[in-house]
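Subject: Structure handover

Hello,

Here is the structure for your files.

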Amino acid sequence: MKNDIYNIFKELVAIKSDTGTVLEKDVENYIYTYIHNIDYFKQNPSYCGKFKLSVDEDYFDRAVIWGLVKGDGEDTVILINHHDVVDSLDYGVLAKYAYDIEEIKEKLKDIDISREVRDDLESDDWIFGRGTCDMKAGGAIQLDLLKEYSKLKDFKGNLLYISVPDEENLSLGMREGIKLLIKLKNEFNLNYSLLINSEPHQRQKNDTGILYEGSVGKIMPQIYVRGRKTHIGDIYQGLNPSLILSEIVKKVEVNTDFSDIEGDEITPPPSWIYFRDKKERYDVSIPQTAGGYFSILTLNRTPKDILEQLEKVCEDAFEESIKHLQNSYKKYNELTNKENESLNWKINVKTFEEIYEEAKQNHREDFLSAYDEKVKKLEIKLRKNDINLPECGFVLIQKTLEYIDDLSPIVVISFAPPYYPHVDNIKLNNITDKVSDLSEVINEFAIKNWEEKYIKKNYFMGISDMSYTGLLDSSKTIPYIAPNMPLWAKFYTIPLEELKQLNIPVINIGPWGKDLHKFTERVYKKDLLERTPILIKLAVDYVLNL
């Protein structure tokens, strides 16, 4: 298998497939052609195909590529990978060599790199290049394994290969892949016993690999603050939204109260990705509005939990901002020998769902018409790449507030795409003994044959498409995500009800890699060509009792 994997891998890497671009179609065509030309699929053409993404969300006509080796029985193991990669801009002048695994190795020798990178470069143990690690290595291994399993006679069980686009962007490929999984499940009477992803893992010890039996979740709260505009000469007549937003930022930034804990695993606290006022040009007044967003990683906590926590944080920040202004105004009046007056600002924090429903109740037809018109204009901007999704969210919040009769300062809490549910096997009820024992079986095999350990972790912390294999705590997710995401069903959606039907056990078995998304990205050759293929095959055979 070594030569076959290497050839597939080299050809996959050579195909530039920048995420979120039409270039992804080139690698899709390669994968589809490869599968279609396997003898098994020539004889069974209905067992492979292209599953087109939703035209409402995808501007590039991309597709999920799939192939099914159909054997006896219902039990099915899924092999899943993504075929998109991040762009090569970080390579600078070497960008044109980033997709040639032989050429880039020579070019990197001439630039200033760390000692560790140079040692790996000068050895024959690592393969460099864009996508080598994340994740065309895993894709090549899985594609070759699909071919090998297709040659088996009297195959017990089923093997389903799926390669998705857009993982590095908004995971549209896997979000649409949920529909494909349900379609194939019903069409071929499949029981999904296990899903194997092959994202790379990074090591702290050279002789210790990592298996992941779940994936961290991610949610992106978006905070919009409307203040009261005033001339800076009459500063106490207004309320600067930047003051309130800054207080919220201070309360959230690296606050470990937002970290999630499961056993000995913990998510890092959040940090703001963006925050600023919304003033577009200079004048001598304070800004009218401000906004920002940040990511929270989850292991247990639900959108409901996070929304409730954020409401409390925003209320406290609002209150402290009012107190700060009141104290300042008091001192200012003392300095100017004026009688002290009270500033009558009130705490006003609402979710997007609350203001949307209020706007509908007050101005239903006018509001919905104006909202839809704004959505259409934003869609044009999105297609031209003139605006991003979170900024679209801010625009829609502002449009909604125009139809709220109360014009007082307000904080609006919403969610911006993308949303990744957390998943882990320990919370599933449908785990078989085979799946429960799998990590230990792999570890024992690796120790015996290679003197190499594999430790199990419950969560892959790098964000992955495994998030869309099931939905835990749906009652605390579905009613809180869609109504509080301004872009839901407009530019972004997840088939959450369908996702509830899956709840597939997962494991990530991938090669050792280093420097993901960096110009020194590389994959460990022995894992690519020997060890990872053996471990994935071991997992498939063990779960399907082969």
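Predicted model: local features only at pLDDT ≥ 70, side-chain atom pairs only at ≥ 80, totals over all residues.

Residues are numbered from 1 along each chain as its sequence is written, and side-chain values use heavy atoms, with hydrogens and water left out.

Aromatic contacts

A search of the whole structure gives 26 aromatic pairs. Rings of Phe, Tyr and Trp (its six-membered ring) pair if their centres lie within 6.5 Å; planes under 30 degrees apart count as stacked, over 60 as edge-to-face and the rest as tilted.

One of the pairs is Y47 with F188, edge-to-face at 5.5 Å centre to centre and with 85° between the planes. Y47 lies in the loop between α3 (39–43) and β1 (48–52) and F188 in helix α7 (residues 172–188), so the pair ties together parts that are 141 residues apart in sequence. Helices (H or I, at least four residues) and strands (E, at least two) are DSSP runs, numbered from the N terminus. Y47 is buried, at 18% relative accessible area, and F188 is buried at 12%. Buried means under 20% relative accessible area, exposed over 50%, and partly exposed in between (1.4 Å probe, protein chains only).

F445 and W450 also form an edge-to-face pair, at 5.5 Å centre to centre and 90° between the planes. Here F445 is partly exposed, with a relative accessible area of 26%, while W450 is buried at 19%.

A single aromatic cluster is made up of F352, Y356, F367, Y371 and Y403.

Charges over rings

K434 lies over the face of Y542, 4.1 Å from the ring centre. The charged end of R522 sits over the ring of W126, at 5.8 Å from its centre. The criterion is NZ of Lys or CZ of Arg within 6 Å of the ring centre and within 35 degrees of the ring normal.

Second largest pocket

On a 1 Å grid over the protein atoms alone, a pocket is an open set of points where a 1.4 Å probe fits, with protein on both sides within 12 Å along at least five of seven lines; lining residues have an atom within 4 Å of a point. The second largest pocket holds about 480 Å³ of space. Its lining has 20 residues, and the closest to its centre are K278, K279, E280, T289 and Q398. Helix α11 (389–401) and strand β9 (217–226) each supply at least two lining residues, and α11 gives the most, with 5.

Regards

Terms used. Points joined across faces, edges and corners; volume = space filled by probe spheres on them.
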